[in-house]
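Work through the exercises below with the model open. Each has a task and a stepwise solution.

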Amino acid sequence: MTLRLAQVNGRASRAAFTLMEILISFLIFGMTVSGLIYGYVQANRMAELSSMSLAAQSIAQQGMEQAISAQWDTQMYPITNGPGTADEIRLYNNAGVQTNQDVTSHTNYSQLDSLDVPSTGSPIYITNYITVTNVSLYPPLRQIRSDCVWTFPLDGKLCTNTAITQRAPDQ
Amino acid sequence: MKLFQNIQSRPRRMNISAFTLIEMMISVGIYLVIFIGVMIAIQIFALRIYTIAATKLTATADARKALNQIRDDIRQAKTLQVGNLLTPGDPTTFQAISGNNGAQGGALQIFQTTNSVVPYTTYYLDTSVPTNYLRAYMVDSNSAATTVTLVGYITNTIVFDAEDFQGNLVTNNLVNNQVYRMILQFSQWEYPIAFIGTNQGLNEYNYYQLRTRVCRRALD
């Protein structure tokens, strides 16, 4: 830079930045700023996804707890199953026959609910798929799996939160 | 920045000295005004975004913490009774739902053994104060009692109920393998500096609920 305080009037013939240079500098500045904004928005999006995922995990956990609470008394005779009996969850083997005494026996059912998240507008609906499977007959052991399927409203993608546990019969 | 090689061969620029001090000061000044303005605008935007996210997350954090504590207690419990307080705010007046009545109420008493003796914990909705607190009344093995406030601004009066595995209301009778459901419905503005939408956002997120279901681990 040169100090030319006395020759200001002589700059009429001098060139300056070209239009292309100005536009490109604005473009770079704009890209930088939009990158910053995108980062903030993305962070907020992740926070929202996190809160919804936490709520979905809670729903999956609830489905699992409900299945655990079903009566399962292997010592009771005669062997019965169905709600209100010694073995409340009915299982079906791979041939589709209802029996709780087959290692392949399993069942699944679903529940509809909504996420517990503070929000305005319509609730976020979920479907909770609960699967109960015999793991072994001796010793008796069952696996309970609960899959909470929900849609992230900002991009419409399907998400699944899963809770899995194994349980022994009632003591 | 030079885009093309031949820019430097422009004859007019060869004999130009530079920008004057005034030109530089003015251009730098304009640039700073624009740059600082944009950066402040971005920061304000970011703060607003942060506040919206914080509102959503903090609104449920305390309540989830309370639910976690109750969940742990229920899992390791042996005897649970759903009931109500005969005197609002006084957990020593707990009365369990009896007979064939569906077990639902504003209090839950948890014992570690099949005997209803100390130590025990009573979680109860304290309706003696306007903000309706959920409190824990913990009595240790020396019968010394401690009361802890878990969360406030609860609007529902039936917080606890006992269900079967299909979600039907059941009794307190221990023959059942109850799964205990807790519902906390809140009317609270947790983060008052967040203004979202119309009416200065004061009606945003002032109602929400949390639910959970927990089953004892030592099933009979």
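Strands here are DSSP runs of E, at least two residues long, numbered from the N terminus. Two of them pair if DSSP finds at least two bridges between them. The model is predicted.

**Exercise 1. State through how many residues the hairpin joins S2(A) to S3(A), then trace the pairing around S2(A).**

Step 1. The hairpin from S2(A) to S3(A) runs through 4 residues.
Step 2. Count the bridges. S2(A) and strand S3, residues 141-151 of chain A, share 10 and run antiparallel. Pairing needs at least two bridges, so these strands pair.
Step 3. Ile126(A) faces Trp150(A) in S3(A).
Step 4. Gln111(A) has Asn128(A) as its bridge partner in S2(A).

**Exercise 2. Describe the overall form of chain A against a compact globule of 171 residues.**

Step 1. List the elements: 1 helix and 4 strands. Along the sequence they read α-β-β-β-β.
Step 2. The globule would have one near 16 Å; chain A has 32 Å.
Step 3. Take the extents. The C-alpha trace spans about 110 × 30 × 25 Å along its principal axes.
Step 4. Of the 171 residues, 25% count as buried.
Step 5. For contacts between residues at least 6 apart in sequence, 48% join residues at least 24 apart.

**Exercise 3. Give the strand order of the open sheet in chain B.**

Step 1. The 6 strands are ordered S2-S1-S4-S5-S6-S7, with antiparallel pairing.
Step 2. Find the edges. Strand S2 (94-96) and strand S7 (145-151) of chain B each pair on one side only.
Step 3. Note the twist, which averages 30° from one strand to the next.
Step 4. Zoom in on one pair. Strand S5 (residues 120-126) and strand S6 (residues 133-139) of chain B are joined by 7 bridges. Tyr124(B) lies opposite Arg135(B) in S6(B).

**Exercise 4. Which residues touch the most other members of the largest nonpolar core?**

Step 1. The core has 58 residues; Ala56(A), Ala67(A), Tyr180(B) and Leu184(B) touch the most other members.
Step 2. Helix H1 (residues 19-69) of chain A contributes the most, with 8 residues.
Step 3. Follow Tyr180(B). Beyond four places in sequence, its contacts include Ile74(B), Leu80(B), Leu108(B) and Phe160(B). Ala162(B), Arg213(B) and Val214(B) are also in contact with Tyr180(B).

**Exercise 5. State the predictor's confidence in chain B and in the complex.**

Step 1. Chain B averages a pLDDT of 83, and 80% of its residues score at least 70.
Step 2. The complex gets an ipTM of 0.79 and a pTM of 0.79.

Technical notes
Residues numbered from 1 in each chain as written. Chains lettered and ligands numbered in written order. Predicted model: local features only at pLDDT ≥ 70, side-chain atom pairs only at ≥ 80, totals over all residues. Axes fitted to C-alpha atoms, helices over the stretch in contact; angles between N-to-C directions. Core = buried A, V, L, I, M, F, W, Y, C linked by C-beta atoms within 7 Å. Buried ≥ 20, exposed ≤ 12 C-beta atoms within 10 Å, placed from the backbone. Contact = placed C-beta atoms within 7 Å. pLDDT = per-residue confidence, 0-100. Rg over C-alpha atoms; globule rule 2.2 N^0.38 Å.
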